[in-house]
Amino acid sequence: MILKKNFSPLKVLSYVWRELLAAALVSGLVFGLYVNEVKTVALPLTPIGILGTALAIFLAFRNNSSYARWWEARTIWASLLNNSRIFARQIIANADSASAIGKGGGPEAVQAYKKEMIYRQIAFVHALRLALRRQTAWEEIAPFLGAAEYRELLRVQNKANLLLQKQGARIKEGMRAEILGPFDNITLEPNIAACNNWQAACERIKETPMLRQYEYFTRVFVWIFILLLPFSLIDAFKTMPGLAVPFTVLLAFVFATIERVGAVNENPFENKIQDVPLTAICRTIERDLKEQLGETDLPPKLEPENGYLY
């Protein structure tokens, strides 16, 4: 996620240099022809003005749709953060209550159960992050699971889903062992179901791209606009035709940049600078849940690097 307010010009140019190069070359060619008395290269400004207006509306619609995908992804992960805190609080409060009245097999068994459930919740968010980013660093999850469960996890395709299945099964086992009360699943199971729903929502965003029609025709229309623009500007600047070149490049930069903003924002789970900061959110969940357990050896909070939070 980009946090800094100012951008490196070189970073921006790396996204739109092709459009700017084309605008400079075509406008330079038109200028050369015009000053050498080839006046037929000049076109009326009205048609390109109408095209630019229509293109701006099209770009605005596409960018709004891209931002809606990004914001939905951020909202989902905010819900996962909050839900994880609630789940940990419920597990700790219910298990401690059972221990206080002498149930659950003793304080050590209760503490082990709390740690297992909360650590598995941490493993779930890390597994979902890795899956969404197409990463395979599953060893990051190993410290939160038992050796046998970790080996089982490596054999399945949908690792995050398996962890939620384990959580549901262990809730039932906790009830049978009287670590949890007979009705605690009424509040705990909806949290597991909510995690399933948010996982599916993330997978929907990841697997379903923006309509390719929007992506393709937006690029086509931007290129048409850039290539036709110097033919109209040369007529608008007929008394000073040299100004057509820098103004063409400037307008090409504006429209190309707007188009690229929409393109990069439509995929919020690609581990790039503009993405939702999944690593930082997972680290926050890990820190908060361990602290709820009473642990003090917490991993450091992730800070932005050069204005970017991952």
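The lining of the second largest pocket comprises six nonpolar, four polar and five charged residues. This pocket belongs to a predicted model, and its volume is about 310 Å³. The largest pocket has a volume of about 410 Å³, and the structure as a whole holds 17 salt bridges.

**Second largest pocket**

- A total of 15 residues line the second largest pocket, and Ala131, Arg134, Gln157, Asn158 and Glu203 are those nearest its centre.
- At least two lining residues of the second largest pocket come from each of helix H3 (107–132), helix H5 (159–176) and H6.

**Largest pocket**

- The largest pocket has a lining of 17 residues, with Ile2, Phe7, Tyr15, Val261 and Val264 nearest its centre.
- Its lining is made up of eleven nonpolar, four polar and two charged residues.
- Helix H1 (9–35), H2 and H8 each contribute at least two residues to the lining of the largest pocket, and H8 gives the most, with five residues.

- Glutamate 72 and arginine 204 form a salt bridge in which the closest N and O atoms are 2.5 Å apart. This pair connects distant parts of the chain, since glutamate 72 belongs to helix H2 (residues 45–100) and arginine 204 to helix H6 (residues 185–207), 132 residues apart.
- Both partners are partly exposed: glutamate 72 has a relative accessibility of 27%, and arginine 204 has a relative accessible area of 41%.
- Arginine 85 and aspartate 288 meet through their side chains in a salt bridge of 2.7 Å, N to O. Here arginine 85 in helix H2 is linked to aspartate 288 in helix H9 (residues 278–292), a separation of 203 residues.
- Arginine 85 counts as partly exposed, at 31% relative accessibility.
- Lysine 206 forms a salt bridge with glutamate 270, with 2.8 Å between the closest N and O atoms. Because lysine 206 lies in helix H6 and glutamate 270 in the loop between helix H8 (244–265) and H9, the pair ties together parts that are 64 residues apart in sequence.
- Lysine 206 is buried because its relative accessible area of 16% falls under the 20% cut-off, whereas glutamate 270 is partly exposed at 33% relative accessibility.

Definitions and conventions
Residues are numbered from 1 along each chain as its sequence is written. This is a predicted model: local features need pLDDT of at least 70, side-chain atom pairs count only at pLDDT 80 or more; totals for chains, interfaces and linings use all residues. Side-chain values use heavy atoms; hydrogens and water are left out. A salt bridge is a side-chain nitrogen of Lys or Arg within 4 Å of a carboxyl oxygen of Asp or Glu. Helices (H or I, at least four residues) and strands (E, at least two) are DSSP runs, numbered from the N terminus. Buried means under 20% relative accessible area, exposed over 50%, partly exposed in between (1.4 Å probe, protein chains only). On a 1 Å grid over the protein atoms alone, a cavity is a set of points where a 1.4 Å probe fits but cannot get out, and a pocket is an open set with protein on both sides within 12 Å along at least five of seven lines; lining residues have an atom within 4 Å of a point. Grid points are joined across faces, edges and corners, and a volume is the space filled by probe spheres set on the points. Ala, Val, Leu, Ile, Met, Phe, Trp, Tyr, Cys and Pro count as nonpolar, Asp, Glu, Lys and Arg as charged, and the others, Gly among them, as polar.
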